[in-house]
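Let's take a walk through this protein together, starting with the whole chain and then stopping at a handful of residues. Keep the model open beside you as you read.

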Amino acid sequence: MKLTFREKASYGLGAVGKDMVYMLSASYILYYYQDILGVSAVAMGIILMAARVFDAFNDPIMGVLVAKTRTKWGKFRPWLLIGTILNAFVLFIMFSAPPTLDGKGLVAYAAITYIVWGVTYTMMDIPYWSMIPAFTEGGKEREGLSTLARSCAGVGSALITIITMICVKNIGQGDERLGFQRFALIIAVLFVVFITITCICIKEKSTVDVEAPSVGQMFRALIQNDQAMIVVISIVLINCSLYITSNLLIYFFKYDFGGQTWENEYTLFNTFGGGIQILSMMLFYPVLRKFINSVQVFYVSFVMAIAGYAVLFTLMCLGLTNIFLLFIPAFFIFTAFGMLTVLTTVFLANTVDYGELKNNRRDESVIFSMQTFVVKLASGVAVLIASICLSIANLSDDTSTAVVAEAAAGSSIFILRMTMTVVPIAGLLLAVFLFHRKYMLTEQKVEEIAAQIKAKRG
């Protein structure tokens with residue numbers, strides 16, 4: 001039976017809420033603790049990276065727990081709802097550091113809340129994405145739902161990048177600390193509402209009933225699924241490149257570009273970029289797919305992203321301060337990452353069928369637990385690189401024109417610009433090289449695998 005509009009819309013709405021929460025944490029947690037609360041950038045980088053290492057053990061275990069779950073509501077929805085409620089609560093706590101804390105106490109608070117946030121996010125993220133193979137028939141239906149979900153996730157991410165600093169300033173009445181606390185509460189409530197709608201409207205279809213794997217079996221299955229491994233490695237490199245830029249973008253506008261009015265330019269840039277990223281997933285990607293296959297779109301996206309970063313670095317070095325000129329590289333970068341986000345999900349979903357044919361087991365939760373882990377790992381690596389950049393550059397929180405001009409004349413701003421552009425280019429080049437060498441699941445191959453699995457089940 002085909003998916004109904006109600007099912008598609010409710011699943012997409014869950015993606016909006018999920019990525020609103022994720023983007024708030026991924027893009028602003030370093031700024032909140034380092035710039036507002038005064039925690040060392042290097043200390044925050046180590047904390048965030050350590051949390052990702054912890055997730056290396058937590059995510060696979062969560063995948064196994066989901067696979068073993070048997071309830072009248074299915075195996076995905078109970079974890080999805082419970083994880084969402086817990087994660088929303090922890091998000092609020094994470095952006096509500098007590099004013100009495102400072103020094104080591106503040107570092108400990110940041111570490112504990114961020115690690116717990118990561119655990120609870122995993123509780124809902126793995127079952128959310130694992131549901132795609134569980135209630136789609138494969139082929140175009142699966143690709144269509146993946147595209148829709150990623151597009152909606154892009155909407156959630158874009159909304160956060162566009163409205164966060166405006167909302168923080170207004171609802172905090174000039175107090176960024178209070179503004180972040182109130183804003184986090186609003187996002188947490190919306191998150192719970194959206195996922196609740198998803199859980200009510202989505203029902204899992206019957207899938208192949210296999211014995212739930214142990215942790216050891218799971219790792220062996222992943223190692224044996226060479227296509228899943230190359231996709232997750234590509235996801236790490238792609239997302240790491242994007243997150244390095246997104247983590248440092250606010251610092252670029254605050255210390256390099258905008259001076260006292262940096263919030264206005266930052267908001268305008270994010271509005272443009274967020275809009276382009278949404279269009280790329282909902283319009284540009286479907287249009288390109290009419291003319292070329294998904295793998296070719298993948299390569300086109302890489303070319304666009306690398307070209308965009310090269311133009312951005314050139315404009316930075318020329319010292320141009322016209323915000324509209326920055327829209328040129330932004331168009332290419334945001335368009336590319338929008339399409340790459342959709343494509344990596346599609347490719348990962350395809351590896352589930354490949355793994356079933358090759359290893360005689362269908363491990364949706366196992367495969368998609370790796371997506372959750374590698375995206376968070378990429379975020380951790382990116383924020384560590386960003387924190388090292390900020391520490392070496394020794395940027396202050398004084399945004400007066402004189403201070404910004406002095407910083408730009410020295411090496412501080414050059415280090416910031418290099419880290420924002422050249423490092424992501426290197427990551428993208430490595431990703432496209434590995435993908436080209438190893439990935440073999442073309443559309444024709446995926447159809448052949450689906451036909452073989454169907455015959456095998458019959």
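The paragraphs below go from overall content and confidence to one helix, the core and some individual sites.

What you see is a predicted model, in which local features need pLDDT of at least 70 and side-chain atom pairs count only at pLDDT 80 or more, while totals for chains, interfaces and linings use all residues. Residues are numbered from 1 along each chain as its sequence is written, and side-chain values use heavy atoms, with hydrogens and water left out.

Of its 458 residues, 57% are buried, where buried means under 20% relative accessible area, exposed means over 50%, and partly exposed is in between (1.4 Å probe, protein chains only). The accessible surface comes to about 18300 Å², and carbon and sulfur atoms account for 67% of that; these areas come from the Shrake-Rupley method with a 1.4 Å probe, and for residues only the protein chains shown count as cover. Among contacts between residues at least 6 apart in sequence, 84% join residues at least 24 apart, a contact being heavy atoms within 4.5 Å.

How confident is the predictor? The pLDDT, its confidence in each residue from 0 to 100, has a mean of 83 over the protein, with 88% of residues at 70 or more. Helix α6 has the highest confidence, at 95, and helix α13 (residues 401-409) the lowest, at a mean of 47. Over residues 208-212 the pLDDT is below 50, and this stretch has 11 contacts in the model beyond near neighbours in sequence. Residues 398-405 are also below 50, with 13 such contacts.

Now zoom in on helix α3, which runs over residues 77-94. Its 18 residues reach 25 Å from first C-alpha to last, close to the 26 Å expected at 1.5 Å a residue; the expected span is 1.5 Å times one less than the number of residues. Which residues of α3 are buried? They are Arg-77, Leu-80, Gly-83, Thr-84, Asn-87, Ala-88, Val-90, Leu-91 and Met-94. These buried residues pack against α1 (5-36), α4 (103-135) and α6 (176-201).

From here, turn to the nonpolar core. In soluble globular proteins, nonpolar side chains tend to be buried together. A nonpolar core here is a set of buried Ala, Val, Leu, Ile, Met, Phe, Trp, Tyr and Cys residues joined through side-chain atoms within 4.5 Å. The largest one has 141 residues, and Tyr-11, Tyr-33 and Phe-253 touch the most other members. Helix α8 (residues 226-257) gives the most to this core, with 20 residues. Leaving aside neighbours within four places in sequence, Tyr-11 is in contact with a set of residues including Tyr-128, Trp-129, Phe-135, Leu-145 and Ile-202.

Some single sites round out the picture. Gln-34 sits in helix α1 and is buried, with a relative accessible area of 16%. Which side chain does the side chain of Gln-34 meet in a polar contact? The partner is the side chain of Tyr-251, at 2.9 Å; a polar contact is a pair of N or O atoms within 3.5 Å, where within protein one must be able to donate a hydrogen and the other to accept it, and residues adjacent in sequence count only if both atoms are side-chain atoms.

In helix α11 (residues 323-359) you will find Val-342, which is buried at a relative accessible area of 0%. Not counting residues up to four places away in sequence, Val-342 touches Thr-147, Arg-150, Met-281 and Tyr-285. Thr-267, in helix α9 (residues 262-289), is buried too, at 12%, and touches Ile-162 and Ile-166 beyond residues up to four places away in sequence.

Back in α6, Thr-196 counts as partly exposed at 28% relative accessibility. Its side chain reaches the backbone oxygen of Val-192 at 2.6 Å.

Our last stop is Gln-173, in the loop between α5 (139-171) and α6. Gln-173 is exposed, with a relative accessible area of 71%. Most residues other than glycine have a negative phi. The phi of Gln-173, however, is positive, near 50 degrees.

Terms used: Helices (H or I, at least four residues) and strands (E, at least two) are DSSP runs, numbered from the N terminus. pLDDT is the predictor's confidence in each residue, from 0 to 100.
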